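Biologist: I have a model open on my screen and would like to learn how to read it. Could you take me through it feature by feature?
Modeller: Gladly; let us look at it together.

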Amino acid sequence: MADVTLMKTPAETALVQAFESAKTTLPGSTESRAQAFEQFSARGLPHRRVEEFKYTDLRALLREVAPFAGVPTADEAKAALGGSKAFADVAALQVPFVNGHFVREAVDFAKLPEGVEIVPLREALANGHEWLAKLSPVPWASGNPVYQLNTSFMADGVMIRVAGSVETPVHLRFVTATGSAIATATRVLVVVEDDASFTLLESHESTSGANHQPNDVIEMIAGDRTNVQHVRLNAEGDKALALSTLALKVGAEANFNSINVVAGSATSRHQVYAILNGENTNLRVNGATMLKGTQHGDSTLVVEHNALHCESRELFKTVIDDEATGVFQGKIIVPHHAQKTDGRMMSAALLLAEGGSMNNKPELEIFADDVQCAHGATCGQLDEDLLFYLKARGLPQKEAESLLVQAFLGESIEFVENEDVREALVGTVEGWLKARS
Amino acid sequence: MPAVQETIDQVRSIDVDQYKYGFETEVEMEKSPKGLSEDVIRFISAKKGEPEWMLQWRLDAYKRWLTMTEPSWARVSYDKIDYNDIYYYAAPKKNPAPKSLDEVDPEILKTYEKLGIPLREQEILAGVEPERRVAVDAVFDSVSVATTFKEELAKAGVIFMPISEAIREYPDLVKQYLGTVVPVTDNFFATLNSAVFTDGSFVYIPPGVRCPMELSTYFRINEKNTGQFERTLIIADKGSYVSYLEGCTAPKRDENQLHAAVVELIALDDAEIKYSTVQNWYPGDAEGRGGIYNFVTKRGDCRGKNSVITWTQVETGSAITWKYPSCILRGDNSRGEFYSIAVSNGMQQVDSGTKMIHLGKNTTSRIISKGIAAGKSENTYRGLVSAHRKATGARNFTNCDSLLIGNQCGAHTVPYIESKNATAVFEHEATTSKISEDQMFYCQQRGLSEEEATALIVNGFVKDVLQQLPMEFAVEAQKLISISLEGSVG
Amino acid sequence: MLEIKNLVVQIEDKRILNGLNLTVNKGEVAAIMGPNGSGKSTLSYVIAGKEDYEVLDGEILLDGQNLLEMEPDQRAAAGVFLAFQYPLEIPGVGSMTFLKAAMNAQRKSRGEGELSTPDFIKQVNAAAAKLEMNKDMLKRALNVGFSGGEKKRMEILQMALLQPSFCILDETDSGLDIDALRIVSEGVNALRSPDRAFLVITHYQRLLNHIVPDTVHVMHGGRIVRSGGKELALELEANGYADYRESEAA
């Protein structure tokens with residue numbers, strides 16, 4: 001297709017200005033930022049004719065660019081974290097962020113759980129920490145415009161190294177508290193050494209509910225024989241435009257289990273880019289997305305099987321109420337050498353009201369012959385017969401619907417191993433359903 | 001399963017040369033000047049004796065085409081086509097518009113004989129059940145050389161003739177329907193076709209008529225450096241039924257040749273059209289030299305309520321296939337079906353699938369696609385299923401399975417499933433696998449060779465689709481698949 | 001207790017019930033027998049309120065309340081219980097979760113508070129034991145992977161827990177072996193009481209050896225064509241439904 005040079009949109013122009021004024025004040029070398037931004041601005045905000053953004057037209061959705069917020073004061077940070085509710089009943093090491101900035105005072109570096117090291121990214125960037133070389137573990141993710149924007153603007157974050165068996169989950173708690181819209185760009189790198197096991201929680205909330213624009217990237221390198229549980233909860237306010245990326249490289253004989261639960265944001269797009277780099281590894285990537293009103297929720301996923309005998313399972317469940325729009329794009333790539341791959345991807349959507357839409361694009365790209373790969377996609381309403389059965393047992397319509405929706409999303413959530421976390425997610429679903437009736 | 005045995009025998013009987021239709025016919029041809037220009041279009045239009053409105057239609061398309069760019073989204077790659085290095089018209093010099101079979105160049109008749117296409121009605125009649133007869137329109141490069149059973153069909157009110165003839169004889173029907181399913185501006189290749197199309201078939205089935213026999217068109221590309229741009233238009237009026245089959249072959253050549261066809265189907269209230277294709281264009285040699293670029297736009301419009309359009313395709317040929325026979329389900333309760341077997345071997349590239357666009361209420365569609373990739377080929381299924389706001393009660397079921405034979409090919413699945421109506425129920429499933437070792441072992445343990453076992457299992461894999469073909473063609477298609485896969489084992 | 005007057009029902013333009021009249025009194029066990037396609041299952045669905053069925057005429061009264069104006073869950077609250085011929089599998093919904101939701105929904109409609117968890121578990125365990133149910137069954141998702149007999153037992157368990165006043169058993173004997181049939185029947189018989197009525201729909205007389213009816217109605221062509229005592233069932237067993245088919249032809 002011919003590359004037509006389009007006029008920059010106001011948002012694109014604003015991004016250029018924002019980058020120009022921020023680049024000297026952002027930590028670390030400006031070189032890699034400038035390179036990423038150049039790549040971004042060469043194509044601009046992705047629109048519907050860019051295949052990967054066919055269903056999430058950022059050029060149309062991002063009209064105005066919010067300013068990046070400054071570092072909050074200690075009192076501001078404390079107040080913001082006081083209003084945060086995500087995973088409140090889960091015992092975990094808290095690694096909080098307020099307005100996109102790591103709240104250093106909240107972490108007692110002297111008393112970190114055994115096997116956990118944390119380095120603030122701002123300092124690391126400023127003094128050229130050796131772990132920085134591990135950033136960008138998925139090379140092809142850097143072609144993605146959302147990722148490029150994060151690389152250009154990343155202002156803060158942490159780098160975490162995990163060794164051995166770590167019982168206490170680490171909870172990255174992101175809270176946005178300003179009354180007016182702000183943009184944030186955080187980057188977290190997690191290196192899980194060989195044989196380590198670890199649970200990472202992520203929550204994203206806003207205490208003000210303003211139309212914030214977070215763009216978060218989590219990058220993980222999981223070594224051989226690691227066991228990693230990752231749970232992400234998007235509980236942003238209903239006006240947020242939330243972009244997020246999980247870039248993942250997993251070694252051999254590992255177990256990696258990730259879920260993203262969406263219960264907020266006007267627009268959300270969660271991208272998972274995973275490379276299975278060692279043999280006999282199991283990957284599970286799940287999603288449970290709840291959309292209402294005119295919300296738009298996009299789950300985009302690319303899993304590359306880069307070694308023999310790996311198994312991947314992807315299960316995405318989307319519930320769409322009112323006039324919301326759900327998007328699932330998933331791709332399993334199996335190159336020639338990844339024989340004996342077993343990949344299964346499923347996207348199921350429930351439309352609860354007449355005005356909703358669902359777009360599914362499950363892809364397989366397969367070059368190895370000795371594989372078993374499958375994908376499925378369904379969309380439709382709640383099963384009338386099941387509803388009747390429940391009603392015949394005395395459950396009113398809404399209650400019957402709720403029970404079936406819970407069961408539907410539960411099939412994705414049940415893979416969360418930590419019981420407290422699972423309970424918290426079930427509670428999130430119940431809360432969403434309660435707000436609906 | 002006698003057909004399997006036949007398949008195996010067939011495969012065995014062929015040595016190195018797998019493509020048995022690769023011969024060339026020596027006929028003196030008249031060609032347009034090389035390249036594409038308004039003058040060439042005027043030349044074609046004049047050759048066809050077209051009315052002014054048709055010429056204007058072509059010229060408008062040409063102007064539009066000049067502003068368009070070739071699509072690049074499909075998963076195929078090829079050297080840039082020089083559109084000015086192609087002859088857009090080639091017809092036998094001797095009597096390009098024969099009135100009867102006796103006037104047709106004997107060389108051409110021999111060609112069809114060799115291809116196994118019956119053109120002499122009396123021969124067809126001998127020993128064949130009346131309902132098993134097939135009327136044939138034989139298109140040789142840019143012209144139709146013969147159309148059989150025209151008179152008998154006319155008795156039933158069925159119009160079956162070359163489209164160039166229909167433009168002259170039934171201008172109102174053509175004007176009413178041409179370009180209404182695939183608009184002139186639809187896509188790069190369709191627009192090109194609208195400007196330069198040469199021949200193809202026109203079918204009109206009047207209200208309430210069940211077409212008394214199968215209709216078919218057999219396309220043959222013969223001349224060097226020509227492109228074939230056929231155009232087919234089929235209209236099934238209210239309550240009528242027609243089954244139509246298309247076949248195609250071409251000589252073996254080192255150069256690539258372009259085939260950019262447009263097929264439009266229109267089914268009015270309660271009408272049914274079954275359209276089957278056995279596509280066997282020359283696929284190129286083992287190194288990927290030569291072969292047909294098959295860039296085809298096929299679309300059916302279920303315009304009336306309760307109408308049905310079924311596409312069945314067996315794709316074994318062409319160097320590159322770019323083809324998405326689609327259904328627009330406009331009429332309430334209309335139904336669209338797509339059954340496909342796409343076999344690729346050697347260096348072939350296939351990007352094929354369908355679109356089911358649900359617009360009307362209670363419309364249903366069904367997609368069964370079987371892709372088999374062998375050699376160093378690339379085989380992609382690409383499909384769209386969409387339900388628009390008003391498509392209450394729409395239903396789709398899609399099953400697309402891919403089979404890889406060997407470790408140097410690729411099989412890909414790219415479905416787009418878009419629902420804007422909560423009452424629509426879409427189910428999609430896809431799998432990619434290889435022939436299971438257990439199945440192979442079981443067959444071999446019972447005494448089948450690896451080749452026989454593969455043929456048997458592949459036949460099983462594609463059975464759902466073969467069942468959709470008219471019987472004679474199912475057998476033919478089954479053989480073709482095995483021939484296409486020859487040499488892929490071991 | 002239940003009164004059906006001149007019920008006319010169609011589905012997708014096909015008439016299934018043609019002016020059916022039926023009365024079942026409090027404490028009565030009424031059996032409905034009839035050949036396949038006589039409309040027996042339709043009758044049970046229409047009483048329970050399944051959509052898809054279009055009621056063209058007639059009424060269904062339960063203790064004087066017009067059921068046809070009520071949603072299925074309201075009918076359940078009013079005391080109607082349908083033991084399904086083919087109980088549905090609901091993946092992801094635990095059997096216990098479901099039982100609790102159903103029991104609490106009915107308590108709520110009666111203005112009672114929610115059951116405490118220990119009380120609930122006690123009740124379920126007691127009822128399950130009577131039906132000789134394997135406890136593992138209750139840990140699984142509702143009916144998922146259950147055998148035919150297990151599903152039917154689960155239906156009777158629900159009946160025992162929900163304590164409905166009007167129970168419909170739709171071909172409950174189908175797919176049951178002799179032991180399961182005995183257990184299920186005992187479960188039903190234990191629930192017989194002067195305040196509760198049953199409508200037992202069956203094709204065969206076999207079930208009626210275990211659940212002995214007070215009255216037997218023969219259904220054919222969408223209406224009740226004959227009614228009598230329990231001896232009518234034996235007569236049908238001996239002669240089949242042929243008589244009724246002939247009368248239709250004539």
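Modeller: Keep in mind from the start that this is a predicted model. Among contacts in chain B between residues at least 6 apart in sequence, 83% join residues at least 24 apart. The chain has 490 residues, and 55% of them count as buried.

Biologist: How many helices and strands does chain B have?
Modeller: There are 12 helices and 23 strands in chain B.

Biologist: Now the assembly. Which chains share the most contacts?
Modeller: Two pairs of chains are in contact, and chains A and B share the most contacts. Chains B and C do not touch, and 14 Å separates their nearest C-alpha atoms.

Biologist: How many residues does each side bring to the contact of chain A with chain B?
Modeller: Chain A brings 32 residues and chain B brings 30. On the chain A side, the elements giving two or more residues are β18 (357–366) and β19 (372–380). β18(A) gives the most, with 10 residues. By class, this side of chain A divides into 15 nonpolar, 11 polar and six charged residues.

Biologist: Which strand of chain B does β19(A) pair with?
Modeller: The partner is β23(B), residues 425–434, and the two strands pair in the antiparallel sense over seven bridges.

Biologist: Can we zoom in on one residue? Is B:His412 buried or exposed?
Modeller: B:His412 counts as buried because it has 23 C-beta neighbours inside 10 Å, and the cut-off for that label is 20 or more. This histidine belongs to strand β22 (residues 410–419) of chain B.

Biologist: Which residues does B:His412 touch?
Modeller: Leaving out residues up to four places away in sequence, B:His412 touches B:Arg75 and B:Thr380 in chain B, and A:Leu364, A:Glu365 and A:Ile366 in chain A. Another pair to look at is B:His412 and B:Thr432, which are 20 residues apart in sequence, with 8.4 Å between their C-alpha atoms.

Biologist: What about the contact between chain A and chain C? How many residues does each give?
Modeller: Chain A gives 18 residues and chain C gives 22. On the chain A side, α7 (384–392) and α8 (397–413) are the elements that give two or more residues. That side has nine nonpolar, three polar and six charged residues.

Biologist: Since α8(A) has come up, how do I describe a pair of packed helices?
Modeller: The general idea is that two packed helices are described by the angle between their axes and the distance between the axes. Here, α8(A) and α9(A), residues 419–436, have axes that come within 10 Å and cross at roughly 150 degrees. The crossing of α8(A) and α9(A) is right-handed.

Biologist: Which residues of α8(A) and α9(A) meet?
Modeller: From α8(A) come A:Ser402, A:Val405, A:Gln406, A:Leu409 and A:Ile413, and they meet A:Arg422, A:Leu425, A:Val426, A:Val429 and A:Leu433 of α9(A). Sorted by class, the contact has seven nonpolar, two polar and one charged residues.

Biologist: Let us finish with chain C. In what order do the strands of its six-strand sheet run?
Modeller: This open sheet has the order β6-β9-β10-β3-β11-β12, with mixed pairing. At its edges are β6 (80–83) and β12 (223–228), each pairing on one side only. From one strand to the next, the twist averages 20 degrees. Within the sheet, β3(C), residues 29–33, pairs in the parallel sense with β10(C), residues 197–202, over five bridges. There, C:Ile32 stands opposite C:Ile201.

Biologist: And what is the order of the four-strand sheet in chain C?
Modeller: That open sheet runs β2-β1-β4-β5 with antiparallel pairing. Its edges are β2 (14–24) and β5 (65–66); each has a single partner strand, so one side of each is left without a neighbour in the sheet. Two bridges join β5(C) to β4(C), residues 54–62, and C:Leu62 stands opposite C:Gln65 in β5(C). Helix α1(C), residues 40–48, lies across β1 (2–11), β2 and β4, at about 70 degrees to β2(C).

Definitions and conventions
Residues numbered from 1 in each chain as written. Chains lettered and ligands numbered in written order. Predicted model: local features only at pLDDT ≥ 70, side-chain atom pairs only at ≥ 80, totals over all residues. Buried ≥ 20, exposed ≤ 12 C-beta atoms within 10 Å, placed from the backbone. Contact = placed C-beta atoms within 7 Å. Nonpolar A, V, L, I, M, F, W, Y, C, P; charged D, E, K, R; others polar. Pairing = 2+ DSSP bridges. Axes fitted to C-alpha atoms, helices over the stretch in contact; angles between N-to-C directions. Left-handed = near helix turned anticlockwise from the far one by under 90°.
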